[in-house]
Amino acid sequence: MVSDADYQAAVEFLYREARFADEARYAEWHALWTDDGVYWVPATTDPGASPDQHISHIYDNRARLDTRVKLLQTGHRYSQEPASPMRRLISNIEVARSEDGELVVESNFILAELSIQARHEMHWWVGHTTHRLRRVEGQLRMSHKKVVLINAAEPLPNLAFLI
Amino acid sequence: MSETAPSTIDYTSLVQSDRIHASLYRDPRVFDDEMERIFHRGWVFVGHESEIPRPGDFVTRTLGRQPVILARTRDAGVGVLLNRCMHRGTMVCTAPHGHTRTFQCPYHGWTYDVGGELLGVSYPGGYASLDKRSRGLLHAPRVEAYRGFVFASLDAKGIPLAEHLGPATRLIDRSCDLSPEGEVELTARWVRHRCPANWKMLPENDSDGYHLGFVHLALFKTVGSAQYQRVVGDERSIKAVVRDWGRGHIEIDWSPGYERPFEWLGNASGAAVAEYVDQMERRDGPGAARRRLLEGPAHAFIFPNLFLGETNIAIVEPIDVAESVHWHTPMFLKGVPQFNGRLLRMAEAGMGPASFLMPEDLTVASRNQLGLEARGNEWIELTRGLERESIDAEGRAVSHVTDETTNRALWQHYLSVMTA
């Protein structure tokens, strides 16, 4: 169990991160990461899958995460130019504390994305997220974000926005 | 096999030597003809032997429109089974991959072994005589492999695989020979990327050296390395070439622009690389090993659906006239597992829905599909490089990497298949 204050801080962090991602506020989203951050979107729902053996949609260390954000900021990432209008709802939030003191936050999400770069189709993205949050200089930062889509192993359309 | 009569479309008028007609990407009747003539008659890549190492291993795939199971049988052979119960037609296996002793139909319980043999039916008393041997899952009539790459044809007649591949086996060799043991392993599973465009745009784009500096401008602006400059720099300074290997097999060869080994492996260095170089030199000798490690793997499309994407292997899956799926997996090199992590990360960077390259390609492909609905000019020109391409000593057309030599080669083979 965690304190009400920790729970509330975790919830607020998730909402803030979602807002930055949904509104294509790339620099602000980028600033939420720790220097050792890992951003992982597996290509399977198998909980035993390993990023060292199996291909993922995203397995970014901090350097690749920086590249991902810079690409979006060039204005030439045509799969997100213009950025997809989108909104996500986050729910079923559960917070625990790990042995190393980080907050481990589990949540579900539903994200509606209007893919306006070509066909103007609505895409629905649904899944489970695990965040690990750490205090750095008094501010919560994410050191790990794992997003398991329910259709992770199915053919997916472009996923060039921040999920 | 088709429920529709063959169309009477005159492909000779639609595919000309220097232009093609837009309806080839747009007309559902063309798509029907392609499924029948290209994917249900010819050789089609199904999967790799390393995906199913043990008896009982299987993966499910599609050949044109037909669901199949690629399975390792009890005698360690490789079979391509039609994924359809012989009783009422139910798909017997829906998992993308797995390991099993039997395929049991969920409808009435008919049970087949992993090689397709009918083991038994429920309540057999209802059949006066049932010849189990004739009720096994149907096999693709022809299955052949080259260096672990398994191809199948759903037509009992036709040319052997060796004739279909022709000299393009050397492209497969180029990739496999980078393994000290001469084998690649596709064991990382696949990512599948939905492409809202006709399937033929995928091989055309995979072998297009003209678009890189435009479609992928974001990446070149972000990662300003010299390697990329050699791809998108001044036209005369670009040394890479495109090449036509015949029968629709087409290549981009980056290696004339490479200056040192391992540019294809992101300029890998360190102890793991030194050990690898040792292994390669012991096998090939220092000169040949150095050349191989400089040239790197093939960047080539094997007609109609296999893409040797340098350190990735990709599959082009047609879904409908305006819908396809691009599959990819990293190409692991047997004997150097220390590179697997790097190859995984390279695969994620290059291909797939969240990668740094492919989302742009498929956005443009989708816009192509939309734009081709505009009538007025129904023709797509393929003239780029016609005046400067040449024929090399082996009879292959070769030209500047930005030229449409590859498109012309693909379409001329397409025409020969569609009018056969």
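# A tour of chains A and B

Start with chain B, whose domain assignment gives domain 1 (44-157) and domain 2 (166-418); domain bounds come from an automatic or database domain assignment. This is a predicted model, in which local features need pLDDT of at least 70 and side-chain atom pairs count only at pLDDT 80 or more, while totals for chains, interfaces and linings use all residues. Residues are numbered from 1 along each chain as its sequence is written, and chains are lettered from A and ligands numbered from 1 in the order in which they are written.

**Stop 1: the two domains of chain B**

Colour the two domains separately. The centres of domain 1 and domain 2 of chain B, taken over C-alpha atoms, are separated by 32 Å. Between them, 10 residues of domain 1 of chain B are in contact with 14 residues of domain 2 of chain B; two residues are in contact if their C-beta atoms, placed from the backbone, lie within 7 Å. Now select residues 44-48 of chain B. This is strand 2, and it gives 3 residues, the largest share of the side of domain 1 of chain B that touches domain 2 of chain B. Helices (H or I, at least four residues) and strands (E, at least two) are DSSP runs, numbered from the N terminus. By class, that side of domain 1 of chain B has 4 nonpolar, 4 polar and 2 charged residues. Here Ala, Val, Leu, Ile, Met, Phe, Trp, Tyr, Cys and Pro count as nonpolar, Asp, Glu, Lys and Arg as charged, and the others, Gly among them, as polar.

**Stop 2: chain B as a whole**

Along its principal axes, the C-alpha trace of chain B spans about 75 × 60 × 40 Å. Of the 420 residues in chain B, 46% are buried. A residue is buried if 20 or more other C-beta atoms lie within 10 Å of its own, exposed if 12 or fewer, and partly exposed in between, with C-beta atoms placed from the backbone.

**Stop 3: the nonpolar cores**

Select B:Val46, B:Leu70 and B:Leu308. These have the most contacts inside the largest nonpolar core, which has 112 residues. A nonpolar core is a set of buried Ala, Val, Leu, Ile, Met, Phe, Trp, Tyr and Cys residues joined through C-beta atoms within 7 Å. This core draws at least three residues from each of domain 1 (44-157) and domain 2 (166-418) of chain B. Zoom in on B:Val46. Leaving out residues up to four places away in sequence, B:Val46 touches B:Arg61, B:Leu63, B:Val68, B:Leu70, B:Val80, B:Val150, B:Phe151 and B:Ala152. A second, separate core of 18 residues includes A:Ile58, A:Leu149, A:Leu159 and A:Leu162.

**Stop 4: B:Glu263 and helix 9**

Is B:Glu263 buried or exposed? B:Glu263 is buried, because 21 other C-beta atoms lie within 10 Å. B:Glu263 is found in the loop between strand 15 (250-253) and helix 9 of chain B. Then move to helix 9 (residues 271-284) of chain B. Helix 9 is followed by B:Gly285, whose phi is positive, near 85 degrees.

**Stop 5: helix 13 of chain B**

Select residues 405-418 of chain B. Helix 13 has 14 residues and reaches 20 Å from its first C-alpha to its last, close to the 20 Å expected at 1.5 Å a residue; the expected span is 1.5 Å times one less than the number of residues. Helix 13 of chain B is mostly covered, with 10 of its 14 residues buried. Among the buried residues are B:Arg408, B:Trp411 and B:His413.

**Stop 6**

Switch to chain A. Its secondary structure comes to 3 helices and 6 strands, in the order α-α-β-β-α-β-β-β-β along the sequence. Of the 163 residues of chain A, 35% count as buried. Now show both chains: 30 residues of chain A are in contact with 35 residues of chain B. Strand 2 (56-60) and helix 3 (62-73) of chain A are the elements that give two or more residues to the side of chain A that touches chain B. Strand 2 of chain A gives the most, with 4 residues.
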